[in-house]
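User: I am new to this structure. Please show me how to read a few of its features.
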Amino acid sequence: MAKKWIDITQPFTNTIATWPGDTPFTFDLAYTKYETGSVNIGRFTTSTHTGTHADAPFHFDDNTPTVDQLDINVFIGTALVVDLSNKMELCSEDFKDIDLRGAKRILLKLHQEVNFEEFPELVPIIHPDIAPFLKEKGVVLLGVDCPSVDALDSKSLNTHHSLYNNGIYIIENLVLQNITPGFYEFIGLPLNIVGADAAPVRAVISKIDD
Ligand SMILES: [Zn+2]
C-alpha cells in the first residue's frame, strides 16, 4: 500500500488563535478574478508565531541564527510521538524510560484536545533540564501541541534557551490530538523567510510499521 501521510498542521483561518496582543492571521483576495479578468490573487498577514511554526533562536536571542539559517535536515526524519497529556509538569525524569530507537525527533502530545480558535490559558510546564537529557539521547527537534515550550507568561524563556543551547530545534502548535503514540516519518519545513524569528511549518507524518 502506498505510504499515507497525515497532516498535523493547524489550518490557517481568519479565526485561528493568536498570542494576546500579537498580529492576527488574515487572508483575503487582494484582487478577484472578476476584477482582473483572469485570476484571483490572495494575500495574508500573520504573526510568525500563529499556527504551527518553528522558532528560530533569534526569537529569544539577538545574536543567533534566524529561521532561514536553520538546518533543514533537522525538520525531516524519524520522530517518536509521545503522549504525556496526563502531566501538567514535565522534567527529564518523564523521558528516562523512553526508547528512541535512534529517532532524533520527539513530538509531545500534551493535550487531549486543542481548540485552534482559542488561545490557551495554561500550558504544561516543561522543565529546562529536559534539553541536556534529550541531547544525550541524540534528539535534535522537539515538537509540542501548544503555543510555547515555556510558561505563557515567561519572560526568561528558560526552556527555549536550554533547548537551543543543546542543539534542539522547536516546533510549536502541532496537531497531535488524534495521533497514536509511536514512530513516524516526519516532515515539517519552516518557510524560508530571511531574517525571521520564526516561520509557519506544514507538518506531516507517516506511520512506521513496527
Ligand atoms: Zn513560537
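This is a predicted model: local features need pLDDT of at least 70, side-chain atom pairs count only at pLDDT 80 or more; totals for chains, interfaces and linings use all residues.

User: Which strand is joined to β12 by 7 bridges?

Analyst: Pairing is read from bridges: two strands pair if there are at least two between them. Strand β11, residues 182-190, is joined to β12 by 7 bridges, and the two run antiparallel. Within that pair, L189 faces R202 of β12.

User: How many bridges join β4 to β12, and how many join β1 to β12?

Analyst: Strand β4, residues 53-55, has 3 bridges to β12, running antiparallel. Here D55 lies opposite A198. Strand β1, residues 6-7, has 2 bridges to β12, again antiparallel. Its D7 stands across from V204.

User: Which residues coordinate the zinc ion?

Analyst: Look for donor atoms around the metal. The zinc ion is coordinated by H49 through ND1, H53 through NE2, D55 through OD and E172 through OE, at 2.2 to 2.3 Å. Along the chain, the donors follow the spacing H-x3-H-x1-D-x116-E. Both H53 and D55 are buried.

User: Why is the arrangement around the zinc ion irregular?

Analyst: Compare the angles with an ideal. Four tetrahedral donors ideally give 109.5 degrees. Around this zinc ion, the 4 donor atoms subtend angles of 80 to 172°, which makes the arrangement irregular.

Notes
Residues are numbered from 1 along each chain as its sequence is written. Side-chain values use heavy atoms; hydrogens and water are left out. Helices (H or I, at least four residues) and strands (E, at least two) are DSSP runs, numbered from the N terminus. Donors are N, O and S atoms within 2.8 Å of the metal (3.2 Å for Na, K and Ca); water is not among the atoms, so sites may look incomplete. Four donors count as tetrahedral if all angles lie between 85 and 135 degrees; four count as square planar and six as octahedral if opposite donors are over 155 degrees apart and all others between 65 and 115; anything else is irregular. Buried means under 20% relative accessible area, exposed over 50%, partly exposed in between (1.4 Å probe, protein chains only).
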